[in-house]
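Hello,

I am passing a structure on to you, and my notes on it follow below.

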Amino acid sequence: MITTNPFNEEHKLLRQSVRKFVETEITPNVEKWEKDHHCSKDVFRKMGQQGYIGSSFPENVGGSGMDFWAAVVVTEEMAKANIAGLSMSIYAHTHLPLPLIKAIGNDEQKRNYLTPALKGEKITALGITESNGGSDVFGMLTTAKDMGDYWELNGSKTFITNGTIADFVVVLARTGEASHFTLFIVDANTPGFSTLAIHNKLGMHSSDTAQLFFENCKISKANVLGKPGHGFYYQMNNFQEERLLAAVSATAMAEWALEKAKQYTKERKAFGKAIVNFQSLRHILAQMAVKVEACRSISYRAVAEFLEKGNKAEGIISMAKAFTTEESQWVINQALQLHGGNGYVEDYGVARAWRDARLLTIGGGTTQIMYEIISKLVLDDVKHENKLAGAKA
Ligand SMILES: Cc1cc2nc3c(=O)[nH]c(=O)nc-3n(C[C@H](O)[C@H](O)[C@H](O)COP(=O)(O)OP(=O)(O)OC[C@H]3O[C@@H](n4cnc5c(N)ncnc54)[C@H](O)[C@@H]3O)c2cc1C
């Protein structure tokens, strides 16, 4: 059962260490990385060396051997730098493709890809979304053909986090009729593979987002991940860590915004007094605090169930993802309002949080797709005419 404080001594030491790292290695670089539209590759290496990337992975593959609460600690502390783009880049590296390699990769794949990625020596990405298929994964057109000695990969992906900076990408491609899909590990130096950065995003500027193109890419049979034909099933079981960390991130961003709003309303004066003295504003702060607590409760409960039941906790994880990502936007929007004109300019950071948070109800499965999963799993008396065969569900 979840307690109000699920963190042990090891987690607390990790938190202190990440907090210091954020202050010295991340906060001073925020403006530069936002302007560059990606973070430095060095930050992956440094976080890998400190054990932050592999905190919740087993020691025998290069992780620190802690549980998933360690990943929660890293995500919460990173939110304090108000650079959600970097945070997303790190968890899109650690918790999107790497759990797949951990779960279904062979020893050689773990040695060549998982371990160097956990150490931050190689950067990675997960390529699922296509212009034709986001929520509807079945809509994808990328194909791979078995050529005997190798597979030939053709097609494209879009909106891929870490796309241009990745050393390898885990790619889902159609390899037969109906639900016959296969996962491949594609090295970035494979002839025929190219990328195009997407820079005109609303927010998350410090994360690299890209289109990926595959033109007659020869993929070695050694780079097939898991069994050919089972890729769709593997990937549908691989969304839980991403969704949990989206919930944790959303909560931490909302909490950051609440703190900013508390501080600002105490300092800002209007009509002869600090604006926190207006009851209507105090009530907004109170509502923000209630929502932050509710977000934390549901996301911690989802993490606790994930640790107990693994992917069978999908129902509560989907609820946590839907609830926290929607509610955090309300909280951050109120924080912006309480800053008045200063909220609308860059100097106070709330404008960046507002833009960044907007992605969270879209990426990793939209709120509508979360409700679809919840209605199937939890409201089992509801009849479904639309079976959503290929949805991110
Ligand atoms: C910055 C960024 C980073 C991303 N990073 C990655 C990444 O690293 N890897 C990756 O593979 N993808 C990534 N994505 C893609 C992301 O996962 C998709 O954008 C998301 O799943 C939604 O898919 P879509 O954009 O095709 O929207 P669509 O699926 O076209 O949805 C459009 C609208 O229709 C709604 N809708 C769709 N189907 C249903 C339904 N059955 N019932 C009700 N409503 C529905 C949606 O909720 C949405 O409101 C990223 C996207 C962005 C913007």
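To start with, how are α10 and α11 oriented to each other: roughly parallel or roughly antiparallel? The axes of helix α10 (residues 279–309) and α11 cross at roughly 155° and come within 9 Å, and α10 and α11 are therefore roughly antiparallel to each other.

Before going further, two notes on the source. You are looking at a predicted model, in which local features need pLDDT of at least 70 and side-chain atom pairs count only at pLDDT 80 or more, while totals for chains, interfaces and linings use all residues. Residues are numbered from 1 along each chain as its sequence is written.

Helices (H or I, at least four residues) and strands (E, at least two) are DSSP runs numbered from the N terminus. Axes are lines fitted to C-alpha atoms, for helices over the stretch in contact, and angles run from 0 to 180 degrees between N-to-C directions. Angles under 35 degrees count as roughly parallel, over 145 as roughly antiparallel, 65 to 115 as roughly perpendicular and the rest as oblique.

**Helix packing**

α10 passes α11 in a left-handed crossing (the near helix is turned anticlockwise from the far one by less than a right angle; clockwise would be right-handed). Their contact holds 17 nonpolar, 4 polar and 4 charged residues (Ala, Val, Leu, Ile, Met, Phe, Trp, Tyr, Cys and Pro count as nonpolar, Asp, Glu, Lys and Arg as charged, and the others, Gly among them, as polar).

Helix α9 (residues 240–267) also packs with helix α11 (residues 314–338): their axes come within 8 Å and cross at roughly 25°. α9 and α11 are therefore roughly parallel to each other. The contact of α9 with α11 has 16 nonpolar, 7 polar and 5 charged residues.

With helix α13 (residues 350–357), α9 packs at an angle of about 155°, the axes being 11 Å apart, so α9 and α13 are roughly antiparallel. Here Ala250, Met253, Trp256, Ala257 and Lys260 in α9 meet Val350, Ala353 and Ala357 in α13. That contact has 7 nonpolar, no polar and 1 charged residues.

**Domains**

The domain assignment of the protein chain gives domain 1 (9–118), domain 2 (124–233) and domain 3 (239–377); such bounds come from an automatic or database assignment. The centres of domain 1 and domain 2, taken over C-alpha atoms, are separated by 22 Å. In contact across these two are 25 residues of domain 1 and 20 residues of domain 2 (contact: C-beta atoms, placed from the backbone, within 7 Å). On the domain 1 side, α5 gives the most, with 7 residues.

**Ligand**

Where does the ligand's shell lie? Domain 2 and domain 3 both give residues to the shell, so it lies between them. Of the 27 residues around the ligand, Ile128, Gly134, Ser135, Thr366 and Gln368 come nearest (near: C-beta atom, placed from the backbone, within 6 Å). β1 (124–127), β3 (150–161) and α14 (367–377) each supply at least two residues of the shell, which divides into 12 nonpolar, 11 polar and 4 charged residues.

Best wishes
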